[in-house]
Amino acid sequence: MQNYLTTVVVALGAATAALVLVEVVHRLMRRFGRRSRLLIELTEHAHRSFQVAAVVLAVQFAVRFSTGYAVGTGWRQVVLHLLVLCVIASTAWLVASLLVVVEDTALARFRVDVPNNRHARRVRTQVVMLRRLTIAVIVILTVGVMLMTFPAVRGVGAGVLTSAGVAGVVAALAAQSLLGNVFAGLQLAFSDAVRLDDVVVVEGEWGRIEELTLSYVVVQIWDDRRLVLPTSYFTSTPFQNWTRTEAA
């Protein structure tokens, strides 16, 4: 019983120490980063994820090194496995928060509320598309890494690799439409064919590009209707872009 109490006390102490360390770093960044927009964004938007990641990591190490008396027991393996999953998830959250902060800082340098905002809208479109792509990649990688911590899943993965040729062909055929839209979205963002807030004429309707994602584009029609089109439409069908070369 005393061993269990020691483990709980050590875990609580590690969590407290992690919170104190994060708070010290947070205050230092706020004090010395008043002239840096990047540091200001970090202190405001990445503080919570940093706290969670630091606390989970500290507790995981504390439990691992304070439960030597229970090596080989089932409850220790379950607890450590859960903590490892929490570490993976919190680290992914922290990485995503850092990327979003960097992207927001980059967006803040390009204002769209100016007369000649063509370049700003182009950069904003590319950054927004990259944000969606990076978050999707982080989520997929996180889920994959978490699943690979289960021995049964690793065994299934080894079996799947033996038939990767057939599975790859089936997956490619099944996901052809989805991947086509994703690549079309990236092509639109970086070919400068269409940008957010561009004035376009599609399907005989006049409107502005309101939202541009990896899979679909939302056009706000002049009478406040919304026309939702797949991104592949803009790479395979002619359309008019009235603000292609100038903001007016």
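**Record and model**

Modeller: An unreviewed UniProt entry lists residues 6–29, 50–72, 78–102, 130–150 and 156–175 under "transmembrane region"; UniProt positions are in the numbering used here, feature names are shortened, and annotations may be inferred rather than shown by experiment. This is a predicted model, in which local features need pLDDT of at least 70, side-chain atom pairs count only at pLDDT 80 or more, and totals for chains, interfaces and linings use all residues. Residues are numbered from 1 along each chain as its sequence is written, and side-chain values use heavy atoms, with hydrogens and water left out.

Colleague: How far apart are the end C-alpha atoms of residues 78–102?

Modeller: Helices here are DSSP runs of H or I with at least four residues, and strands are runs of E with at least two, numbered from the N terminus. Residues 78–102 are 100% helix and 0% strand. Their end C-alpha atoms are separated by 36 Å.

Colleague: Which strands stand at the edges of the sheet?

Modeller: The sheet is open, has five strands and pairs them antiparallel in the order E4-E3-E2-E1-E5. Two strands count as paired if DSSP finds at least two bridges between them. Each edge strand has a single partner, so one side of each is left without a neighbour in the sheet; the edge strands are E4 (226–230) and E5 (240–241).

Colleague: Which residue in E3 is the bridge partner of Glu 211?

Modeller: Strand E2 (residues 205–212) and strand E3 (residues 216–221) run antiparallel and are joined by five bridges. In E3, the partner of Glu 211 is Val 218.

Colleague: Is Glu 203 buried or exposed?

Modeller: Most residues other than glycine have a negative phi. Glu 203 has a positive phi, near 50 degrees, and lies in the loop between E1 and E2. Buried means under 20% relative accessible area, exposed over 50%, and partly exposed in between, with a 1.4 Å probe and protein chains only. At 54% relative accessibility, Glu 203 is exposed.

Colleague: What is the relative accessible area of Asp 197?

Modeller: Asp 197, which is not a glycine, has a positive phi of about 75 degrees. Its place is the loop between helix H8 (176–191) and strand E1 (199–202). Asp 197 is partly exposed, at a relative accessible area of 35%.
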